[in-house]
Amino acid sequence: DIKAEDEEMRKNMAAEPVLGENKTDSLRQEDGKEKKCKHKGKKDGKEQGKPETTEAKDKDHIPTNPYFEVEPSGLKPGVSIQNLVKIYPNCSKPAVDGMTVTFYEGQITAFLGHNGAGKTTVMSIITGLFPPTSGTILIDGMDNQTHIDSIQQSLGMCPQNNILFKHLTVAEHIQFYAQLKGRSKAEAKLETEKILEDIGLPHKRNEEAQNLSGGMQRKLSIAISFVGEAKVVVLDEPTSGVDPYSRR
């Protein structure tokens, strides 16, 4: 009987699950899952930390506007206009709206646009005649809102309409503006002779401005803009009323 009971107990023990073993297996499984999750997390972290591929960069890359030239390298900016805005009083539409452009030393840059496009407004702001509503203009590295006096010593302007003194002669006009720019009387006379030869008016040196033809008055206005060895010269419709030969 005792043997029979022992056999029955052994059978029951063999049939019953061993908690220790199941617990260990369960922990192993959970530990395996945990390790797997941790490993997966590390992998995801590495993927997140990876640098962007070329394809991803290309998606974020904004192509340059094909209608604008690339800024040249190796050239010194003469006039740099940045986000220029001009709104006149009682006008809802801006005359100049966010203009950005650079003019370089040693180059001639033409401003083209229909009537009322804002060409004269921009030129007037560059020369300090009008203040901008916002934006910045740098001339030879100087802000024309804070250093206009220094800038105007090396700046020449030929306005759209001739601004001449009726009773001053051609030579007197050039000498007057040369001395305004700090030239001595002797230096002004020498510069006058050179400019008269350049514009082809040496024979009109003693002629009053009121007696000149429209084309000759225009030539004189252009000549005045170059007085004082101006580094930056702004010409607003300089060839208006000038004969074809003189234009070239």
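Rings of Phe, Tyr and Trp count as a pair if their centres lie within 6.5 Å, and I kept that cut-off in mind while going through this predicted model.

**Entry: aromatic pairs.** I searched the whole structure and found four aromatic pairs. One of them joins Phe103 and Phe111, which I noted as edge-to-face, with 5.9 Å from centre to centre and 85 degrees between the planes. I then looked up how accessible these two residues are: Phe103 is buried, at a relative accessible area of 16%, whereas Phe111 counts as partly exposed, at 27%.

Phe165 and Phe176 form an aromatic pair that is also edge-to-face, with the centres 5.8 Å apart and the planes at 90 degrees. This pair links distant parts of the chain, since Phe165 sits in the loop between strand 5 (155-158) and helix 6, while Phe176 lies in helix 6, 11 residues apart. I found Phe165 partly exposed at 39% relative accessible area, and Phe176 likewise partly exposed at 36%.

**Entry: helix 6 against helix 7.** I next looked up the axes of helix 6 (residues 170-180) and helix 7 (residues 185-199), which come within 9 Å and cross at roughly 130 degrees. I therefore recorded helix 6 as oblique to helix 7, and I noted the crossing as right-handed. On the helix 6 side the contact includes Val170, Ile174 and Ala178, and on the helix 7 side it includes Ala188, Thr192 and Leu196.

Definitions and conventions. Residues numbered from 1 in each chain as written. Predicted model: local features only at pLDDT ≥ 70, side-chain atom pairs only at ≥ 80, totals over all residues. Heavy atoms only, no water. Axes fitted to C-alpha atoms, helices over the stretch in contact; angles between N-to-C directions. Helix = DSSP H or I, 4+ residues; strand = E, 2+ residues; numbered from the N terminus. Parallel < 35°, antiparallel > 145°, perpendicular 65-115°, else oblique. Left-handed = near helix turned anticlockwise from the far one by under 90°. Contact = heavy atoms within 4.5 Å. Phe/Tyr/Trp six-rings, centres within 6.5 Å; stacked < 30°, edge-to-face > 60°. Buried < 20%, exposed > 50% of the residue type's maximum accessible area, 1.4 Å probe, protein only.
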